[in-house]
Amino acid sequence: MPFPFAGDDKSTVARLLNTLPQQGRLEWIGLRPARREQLLSVPEAEAETDRHLHGDHARPKPGGKRQITLIQQEHLAAVAGFLGLPEPVAPERLRRNLVVSGLNLLALKNRQVRIGPDVVLEITGECHPCSRMEEELGPGGYNAMRGHGGLTARIVQGGRLRVGDVVRVEPAQ
């Protein structure tokens, strides 16, 4: 069987995977002050290198793959559509730290992104929904989130994040 697409070779696929000229935008920042509490929407936050967002209750281990979570703004409307809701789901209901628009986050797995001038995140994997989505969104919430749960990341370089910051893909190393 030929490599994934007839006529393509590994160099072509590698080139396609590295073609990410778009820039995104940080649309929302959320902090969880304590376990099972509502997320607080904040205009800015401090990302601590290899730790977490300052003020968020999560305390991941250094080197951990889930130090911060991201979701695409475009998926908020998709999740709402699957639930028959007329408006996009409010980001605080989905329990992710950052909402980003304009970039296909799934295309960034195993890549680094820079948010604003300082913060660099390494996208480490998918952030699958949990059973709390049924509690938060009602019956079908878990399934509405499948494939739209966002991504997890490690904070490679900390600094200040602000709503409105540009999100750029770092060059492949």
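Guide: Let's begin with E27, which forms a salt bridge with R25; their closest N and O atoms are 2.6 Å apart. A salt bridge here is a side-chain nitrogen of Lys or Arg within 4 Å of a carboxyl oxygen of Asp or Glu. This is a predicted model, so local features need pLDDT of at least 70, side-chain atom pairs count only at pLDDT 80 or more, and totals for chains, interfaces and linings use all residues. Residues are numbered from 1 along each chain as its sequence is written, and side-chain values use heavy atoms, with hydrogens and water left out.

Visitor: Why do such side chains pair up at all?
Guide: Side chains of opposite charge can pair when their charged atoms come close.

Visitor: How exposed are E27 and R25?
Guide: E27 is partly exposed, at 23% relative accessible area. R25 is also partly exposed, at 37%. The cut-offs are under 20% relative accessible area for buried, over 50% for exposed, and partly exposed in between (1.4 Å probe, protein chains only).

Visitor: How many salt bridges are there in the whole structure?
Guide: The search finds 13. One more to look at joins R162 and E44, at 3.6 Å from N to O. R162 is in strand β9 (residues 159–162) and E44 is in strand β3 (residues 44–47), so this pair ties together parts 118 residues apart in sequence. Helices (H or I, at least four residues) and strands (E, at least two) are DSSP runs, numbered from the N terminus.

Visitor: Which residues are linked with those two in a network?
Guide: E46 and R160 are linked with E44 and R162 in a network of salt bridges. R162 is partly exposed, at 36% relative accessibility. E44 is partly exposed, with 36% as well.

Visitor: New topic: backbone angles. What is the phi of R95?
Guide: R95 has a positive phi of about 65°, although it is not a glycine. R95 sits in the loop between α2 (74–83) and β5 (98–101).

Visitor: Is R95 buried or exposed?
Guide: R95 counts as buried, at 11% relative accessibility.

Visitor: And where is N110?
Guide: N110 is in the loop between β5 and β6 (112–115). Its phi is near 70°, a positive value in a residue other than glycine. N110 is exposed, with a relative accessible area of 62%.
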